[in-house]
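Consider the model shown here.

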Amino acid sequence: MELSEKTARQIFAEVQANPARKRFGFGNKAILVNIDLQKSYTRTDLYKTAYETDPRQIEYVNTLAEKFRALDWPVVWTNVAYMDSGEDAGIWGTRTDTPDSLQNIKFDSERSELDDRLQVDRKKDVFYCKKMPSPFFETQLQSLCVWHQVDTVILTGGSTSGCIRAAAVDSLSRGYRTIVPIECVADKHESYHFANLTDLSLKYADVLDVQEVIDWLEK
């Protein structure tokens with residue numbers, strides 16, 4: 001194992017600056033999957049479970065969603081929420097049991113609601129309530145991708161080290177070109193955030209500036 005005194009941020013910057021790093025590239029048609037941009041994770045003024053990395057994250061996500069709708073491409077929003085008993089969280093809900101624990105994000109609670117700053121289209125966009133990290137797990141997302149004949153999955157939301165990473169692994173495993181716009185994902189600590197962006201960039205996805213994604217959509 002290589003040892004280093006560099007920070008996760010520094011290592012990520014080096015990886016991104018490597019001109020020899022081959023990309024998966026964009027395909028012909030994409031789906032936008034916005035993961036768990038709900039108040040439990042976005043409202044830092046209300047919940048200690050929330051986090052913010054780029055203060056313009058939601059603005060960028062709204063821009064991407066607008067571009068997708070203009071192309072008549074699918075826009076997906078996910079959230080996590082559980083029964084009053086919490087049993088549908090499975091073993092994932094057994095490690096802690098505090099008001100901030102995962103399984104205590106209940107259906108129809110404020111914690112489960114998408115952030116009010118998001119510009120969603122309740123008639124056109126697709127909404128999934130997921131139980132586990134990946135939005136592909138036991139939802140209809142795969143069928144939606146097949147129906148829309150997409151070959152590219154663009155991921156936003158959080159957390160980078162959790163649901164974004166899980167989504168990227170599942171997306172790649174299903175044969176999709178996978179794109180993670182840097183400014184559109186967030187995590188609780190910069191170490192987790194940049195370490196996982198590095199892994200994603202090296203293995204599972206193209207980790208790009210959001211402007212590059214916007215430029216592609218505008219083409």
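Helices (H or I, at least four residues) and strands (E, at least two) are DSSP runs, numbered from the N terminus. With that naming, cysteine 184 sits in the loop between β5 (177–181) and β6 (185–186). The model is predicted, and for that reason local features need pLDDT of at least 70 and side-chain atom pairs count only at pLDDT 80 or more, while totals for chains, interfaces and linings use all residues. Residues are numbered from 1 along each chain as its sequence is written, and side-chain values use heavy atoms, with hydrogens and water left out.

Glycine 158 is joined to serine 159 by a cis peptide bond, with omega about -10°. Serine 159 belongs to the loop between β4 (152–158) and α5.

How many disulfides does a search of the whole structure find? The search finds zero, a disulfide being a pair of cysteine sulfur atoms within 2.5 Å. For cysteine 129, the nearest cysteine sulfur is that of cysteine 163, 12 Å away. For cysteine 184, the nearest cysteine sulfur is likewise that of cysteine 163, at 16 Å. Cysteine 129 is partly exposed, with a relative accessible area of 35%.

The next topic is helix packing. Two packed helices are described by the angle between their axes and the distance between the axes. Axes are lines fitted to C-alpha atoms, for helices over the stretch in contact, and angles run from 0 to 180 degrees between N-to-C directions.

Helix α3 (residues 57–70) and helix α7 (residues 210–218) have axes that come within 10 Å and cross at roughly 15°. This makes α3 roughly parallel to α7; angles under 35 degrees count as roughly parallel, over 145 as roughly antiparallel, 65 to 115 as roughly perpendicular and the rest as oblique. On the α3 side the contact involves Tyr60, Thr63, Leu64, Lys67 and Phe68, and on the α7 side Val210, Val213, Ile214, Leu217 and Glu218. By class these residues are seven nonpolar, one polar and two charged. Here Ala, Val, Leu, Ile, Met, Phe, Trp, Tyr, Cys and Pro count as nonpolar, Asp, Glu, Lys and Arg as charged, and the others, Gly among them, as polar.

Helix α5 (residues 160–173) packs against helix α6 (residues 190–204) at an angle of about 5°, with the axes 10 Å apart. The pair is therefore roughly parallel. Residues in this contact include Ile164, Ala168 and Leu172 of α5 and Leu197, Leu200 and Tyr204 of α6. The contact of α5 with α6 has eight nonpolar, four polar and three charged residues.

Aspartate 36, in the loop between β1 (30–35) and α2 (39–42), has a positive phi of about 55° although it is not a glycine. Aspartate 36 is buried, at 3% relative accessible area. Aspartate 108, in the loop between β2 (75–80) and β3 (126–130), has a positive phi of about 65°. Its relative accessibility is 77%, so aspartate 108 counts as exposed.

Conventions: Buried means under 20% relative accessible area, exposed over 50%, partly exposed in between (1.4 Å probe, protein chains only). Contact means heavy atoms within 4.5 Å.
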